[in-house]
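The entries below follow the order in which I looked.

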Amino acid sequence: MNQADTNGQIGTPAGHTSSDGSATGPPKTAKQLEKEAKKAEKLAKLQAKLDKKAAVPASTEKKEKPEKKVKETKEVALYTSNTAPGEKKDTSGFLPDAYSPRYVEAQWYSWWEKEGFFKPEYGRTSISEPNPNGKFVMVIPPPNVTGSLHLGHALTNAIEDAITRYHRMKGLTTLWVPGCDHAGIATQVVVEKKLWREEKLTRHDLGREKFIEKIWDWRREKGVRIYDQLKCLGSSYDWTRVAFTMDPKLCKAVTEAFVRLHEDGSIYRSSRLVNWSCALRSAISDIEVDKVDIPGKTFFAIPGYTDKVEFGVLVKFAYKVENSDEEVIVATTRIETMLGDTAIAVHPQDERYKHLHGKYVQHPFCDRRLPIVVDDFVDMNFGTGAVKITPAHDANDYDVGKRCNLPFITIFNDDGYIIGDYGEFKGMKRFDCRKRILEKLKELGLYRETINNPMVVPFCSRSKDVVEPMIKPQWYVKCDQLAADATEAVRKGELKIIPEHHTKIWYHWMEGIRDWCVSRQLWWGHRIPAYYVSFNDDSIKGGTTDDEAYWIVARSEKEALQKAAEIFSVDSSKIVLHQDEDVLDTWFSSGLFPFSVFGWPDNTADLEAFYPTTLLETGHDILFFWVARMVFFGQKLLGKLPFKEVYLHPMVRDAHGRKMSKSLGNVIDPMDVIRGITLEDLHNLLHDSNLDPREIEKAKAGQKQDFPNGIPECGSDALRFALCAYITQARDINLDINRVQGYRFFCNKLWNATKFALMYFTGEERYSSDLALNGSENNMDLWVLSRLAVAIEACNSGFAQYDFAAVTTACYSFWLYDLCDVYLECVKPIFQNGSDKQKAAARRTLFVCLDYGLRILSPFMPFITEELFQRLPRVDGTPSICVAAYPENVSWRNDIVEKEVEFMQKAARIIRSARSDYNLPNKVKTETFIVCTDEQSNAILKKYASDLATIAYCSKIEFVTQPPTGCAILTVSAQCEVHLLLKGLIESEKEITKLQKRKDQLEQTVSKLKQAMQSADYATKVPAEVQTANTEKLQQSEGEVQRIITAIETLKLM
């Protein structure tokens, strides 16, 4: 046998002499010859390749690499039809290929508004017309007119609009009143900053009237922005009834309420301690005080100070006892307030100080003797057991001062500068004085020590200044009886607070209530309708502004003059009136909102029809500050509760559970989520804000960490749905933008599913969802209608219980897992190969699923559901999904069919999971052999064999007792196995290698997780959410390892 050598020539026969006469050696064995032949064959092939390459002329140019294919970005669809605002959107064209929020959300709102769908008059002759379905009335928690909405507002509107749209679709006479709050402090601060930034002027430079004109100009320019944002969110308000708390109608209500409450003794004037903001030069409410816990020595930047100010330390110093060598050591966290000390208090039973009762100590910085008084409030075991008393600047000391009849000495002016006869300290700013007093005490030998002290520092939320307790003459609302009535209303069940655990907080606040200070030293707001009376005749005895007898409360200056003339028995010409410069706390006007919006005190048709309202929905953080005050005023002024139920939603925090804060860079404008925004533009917003320049870089870093690629465009529907899906009984929501984006993908799924389904409706036939089963429906028709019935029942039940997570889950599950994943797949073979009767039944069923599926989703996603609803081949002439009937009481529940399909789906999931384990693409169909020893299981799978084949990607399904070899064996139940034929579909060795590699990776993950979880401080140092995520990941990884082991064993047998 001749073999080709490396030169392609013919070789000599084995064992013979070559042409040059040399011997070739002993004869080779057959095995050796075979090996050499293979080697020579390989060499020959290699030579042929080299020869071919040599024959091609060498190219001087480098061969260009093929360009990488750039992923084609489809142009975002926009609505471009020439439709005038208020006219109906043109839906005659084809649906765009992909869901586009900007396309979908265009044009609908102005049409809804123009058609009057959101007005309670819609569909009826008048608001007084009886409606057997009842009424649903709610007012907006009025957002501040300052600037734009935040995610808290978006959450409020998502919930409230869902509730409102639901009740409107249920056929109730529905009214949701929009409005805005004048936000006294917040608005004044914003306009003052703007005035300084643009004109370098203060409000005092302008004067009160001109400054208020500036605020109205700003309101006219910016105020409409909030309303535009609310419309962008899809909120279905009746805009013909919009109310601003500074509108004449509401101003009239504020004045009337103040006068009436003063006349019956519920409002009075008194000098008391208030929360004072030196930066604002105004008293502020408790809700405007941020109480910051610090563990000890901490420095804060305070407005008006170059250096940071120290807090969280306790300074101990001594007061010398008069005519004695003894001293009394006291301690304070606010050493500057010692200038206002008027006593030292000790406990009456403290043996250390009994001999000093009634004696005095000398103030080191002024000519003041401080008595040593006894009071039970002193804790003998804390510190030295002796407490300095500053009645004019501390709440506890104020009470001691009242009990012990001590002088009340104010040491600060309104700006926080030292006043009084204190030598070098006079005129100093309070925190500069703090440093200097410490130095002087050391010089005098009175300083003892400074120690760390955990404490709470009260900051003004508006100005970031430290709040100073100050005594000021103010107007107060007497709250004891109002609180008792409000408590009783909840105890009797007349007012229901949801979730119920908030009732404990309600009772707690009501039991410990203090009278409400309603005066604010501002220019913007409702000026207090109180007039100080003086006389232009010296023969008439006058009073002082501290004397309430010289204050007249009236609806107008004319009425005040008449009242004063009567009270003082003086001719009106001798009376001089000066209206109180202060304005009312914003919460006062907000407390009247549920009836002032309807025209109270006038007996209007709206007040008659819509008061009391049905529900008050708001955040739990203002249960006392707003909700309680509305209850107070409603019961007191109208004799009726302003609403029957209060639903309190959680607070929105960021994905890390942190409070939304501009300085952290985690405050999100809902418009940026709806439209999308780049990281660069997020940074730019910080520069345009009122944020302290020193905090901007910190905020930028926070934005970069949370939104490295900016915020993607999600659309209003996805944002609303996400916010409602988050709501549980928890106090907080940790909002992750990725989850919002996930619901934007859900919108795309809805879009594609409906677009696909509409292809089956090609004729002129129109359908109704009033479907009575006629026996032509197949098993999957019955199943999907039953699943729809379950979703409808869950939605109605969820809305009744304010369980929004349950409603959103029911909608999401029906559309995604029932309609898209299963039913739409199962009808494909029907429309391809079924009979006309089967197709007709499938069309009827499919229409009902789309129609009712969109309706149950509409309260959360009004835009996309309207867009798709308008394209359904409907019989009824309902103009909009806004006013379509919400589904209820359908009779399609079929538990038997659901259980059967559930078993079939279990088999399908197991098959699909196995296909995934063996890396089989969906286009590769598998043969499946089912072995069931249980008759019932066998019958179910036979009944749904074609549907199982469709959703599990099977080319055929056979029911056998002896399946072929080469199958993966899958267990459905103890009596039922699925044998999936893999032989010929996969290369066993390759798949084993892939699976082994994946198994190694997973085992490394499992090992690392176990190692981390076994560390000593894991339970204490690792955040709870990370521990939960690790546990879930460990379970998933271990489960996948087991499945891979099983798959490898199966492959080894092939």
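**Strand S22 and its partners**

I began with strand S22, which three bridges join to strand S23 (residues 551-553), the two running antiparallel. The model I am reading is a predicted one. I looked up Ala530 and found that its bridge partner in S23 is Val553.

I then turned to strand S24 (residues 575-579), which is antiparallel to S22 and joined to it by five bridges. Here I noted Gln579 of S24 as the bridge partner of Tyr531. I also checked how covered S22 (residues 530-535) is: five of its six residues are buried.

**A four-stranded sheet**

Next I traced an open sheet of four strands, in the order S6-S5-S18-S20, and recorded antiparallel pairing. Strand S6 (282-284) and strand S20 (516-517) are at the edges; each has a single partner strand, so one side of each lacks a neighbour in the sheet. For strand S5 (residues 267-277) and strand S18 (residues 468-477), I recorded 10 bridges in the antiparallel sense. Within this pairing, I found Ser271 opposite Pro473 of S18.

**Helices H21 and H24**

Last, I looked up helix H21 (residues 716-725) and helix H24 (residues 804-833), whose axes come within 7 Å and cross at roughly 125°. On the H21 side, I listed Phe721, Cys724 and Ala725; they meet Phe804, Ala805, Thr808, Cys811 and Tyr812 of H24. Sorted by class, this contact of H21 with H24 has seven nonpolar residues, one polar residue and no charged residues.

Technical notes. Residues numbered from 1 in each chain as written. Predicted model: local features only at pLDDT ≥ 70, side-chain atom pairs only at ≥ 80, totals over all residues. Heavy atoms only, no water. Buried < 20%, exposed > 50% of the residue type's maximum accessible area, 1.4 Å probe, protein only. Pairing = 2+ DSSP bridges. Axes fitted to C-alpha atoms, helices over the stretch in contact; angles between N-to-C directions. Contact = heavy atoms within 4.5 Å. Nonpolar A, V, L, I, M, F, W, Y, C, P; charged D, E, K, R; others polar.
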